[in-house]
Amino acid sequence: MIAVLTSGVALGAHVPGLRLAQRLREHGADVLVDVLERRLPGDRLAAVVESRRSFQRDLRFAVAAQGLATDPVDDITPEAVEALEKHWEEQGVETFVVFSGFWLRLLDGYLRRRPTRTVACHVDAVVSPSYRRASRYAPEAEHVWLAREDGTLPWTIPVDTRPPVPWSAREGRLLVHGGGWAIGSYRDRARELAEAGLPLDLIVPEAPAAVDWARCFTLDPDWHPWHDDGLPPLLEVPPASADSSDSSDPEGRGRNLSYELARSARAIVSKPGGGTLLDSLWTATPLILLEPAGRHEAANGRLWRRLGFALSYDEWHACGFAPERLEPLHQALLGAAARPRDLLDGLLTPRT
């Protein structure tokens with residue numbers, strides 16, 4: 001049994017964990033997924049939700065909070081920890097794959113009593129806030145990196161079995177979003193891009209007032225990262241000119257993911273979160289960088305520019321959003337996903 005342990009407060013790490021779990025199951029592995037927030041009391045969860053609303057109003061709140069936030073593990077009761085450890089034992093967990101450093105603190109005592117292979121997966125190019133707080137816990141864990149600030153991509157999660165959509169077959173649309181927490185300047189930039197005549201797919205955290213200047217999508221309100229193990233489905237919001245005010249999912253529930261939109265896009269316009277880098281890599285879709293949320297995302301952006309996979313928004317704006325600036329980035333990304341080691345193989349191949 002492989003346990004994939006994530007945190008739902010940031011989909012940029014949660015979704016890669018879900019994708020890894022999906023691929024492991026496809027290869028016949030027994031997998032359980034657990035989300036840290038499922039173990040928190042209700043009042044703590046309510047505070048997390050309110051924090052997210054604040055971050056969506058102003059990116060500066062999110063950046064400041066990274067240095068001020070308390071460790072959520074402080075709010076998990078000893079009884080909840082005991083029940084969790086008993087569950088792992090009953091399920092016969094042989095490998096833990098961790099996507100949030102906070103889990104290492106929860107695992108620390110368990111691993112001392114029951115040594116179990118633990119793989120800590122870093123989706124960012126430098127140590128993220130949760131891993132920085134957990135540096136003294138679970139020292140026996142193996143640390144794997146999907147990206148490194150030194151310019152390397154050591155490991156990857158095999159998101160897709162299909163090849164990237166050829167450049168000539170892409171629709172010419174831009175995918176604009178604010179990452180897992182839907183924060184930052186993406187709405188203002190979407191307006192500017194639309195005013196420049198560029199076709200957009202815009203992902204927002206909840207259904208907006210209908211617009212005709214972008215094709216809008218929102219997360220299905222029935223899906224929640226703390227309760228659902230499946231990938232987050234998107235619903236399309238009808239434009240202002242449509243007769244119906246109901247959201248629809250024309251491709252079938254759960255299929256119309258941001259990843260699917262990224263596959264046919266000419267570029268992803270977003271802050272450089274770890275999940276967004278993974279989407280960019282596997283779809284060979286260039287990234288137009290918006291303001292990062294913290295130094296780990298700033299490092300991600302520097303790496304993607306260094307590798308020739310991205311432009312900053314200001315750079316692209318300065319050349320009048322010239323479409324010819326994007327194809328060289330796409331060409332640089334083509335084949336890049338095949339170079340890192342496959343984390344799936346690293347987990348399924350017996351260690352010697």
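Over residues 54-65, pLDDT remains under 50, and the model places 20 contacts beyond four places in sequence for this stretch. The structure is a predicted model. Where pLDDT is low, predicted coordinates should not be read in detail.

Across the protein, the average pLDDT is 84, and 82% of the residues score at least 70. Among the secondary-structure elements, helix α3 (residues 59-68) has the lowest confidence, with a mean of 44. The highest confidence, at 97, is found in strand β12 (residues 287-289).

Helix α10 comprises 12 residues, 295-306. The distance from the first C-alpha of α10 to its last is 16 Å, close to the 16 Å expected at 1.5 Å a residue. Buried positions in α10 are His296, Glu297, Ala299, Asn300, Gly301, Leu303 and Trp304. After α10 comes Gly308, which has a positive phi near 80 degrees.

With a disulfide taken as a pair of cysteine sulfur atoms within 2.5 Å, the count is zero disulfides. Two cysteines may be described by their accessibility. Cys121 counts as buried because its relative accessibility is 1%, a value to be set against the cut-off of under 20% for buried residues. Cys319 has a relative accessible area of 30% and is therefore partly exposed.

Conventions. Residues numbered from 1 in each chain as written. Predicted model: local features only at pLDDT ≥ 70, side-chain atom pairs only at ≥ 80, totals over all residues. Heavy atoms only, no water. pLDDT = per-residue confidence, 0-100. Helix = DSSP H or I, 4+ residues; strand = E, 2+ residues; numbered from the N terminus. Contact = heavy atoms within 4.5 Å. Expected span 1.5 Å × (residues − 1). Buried < 20%, exposed > 50% of the residue type's maximum accessible area, 1.4 Å probe, protein only.
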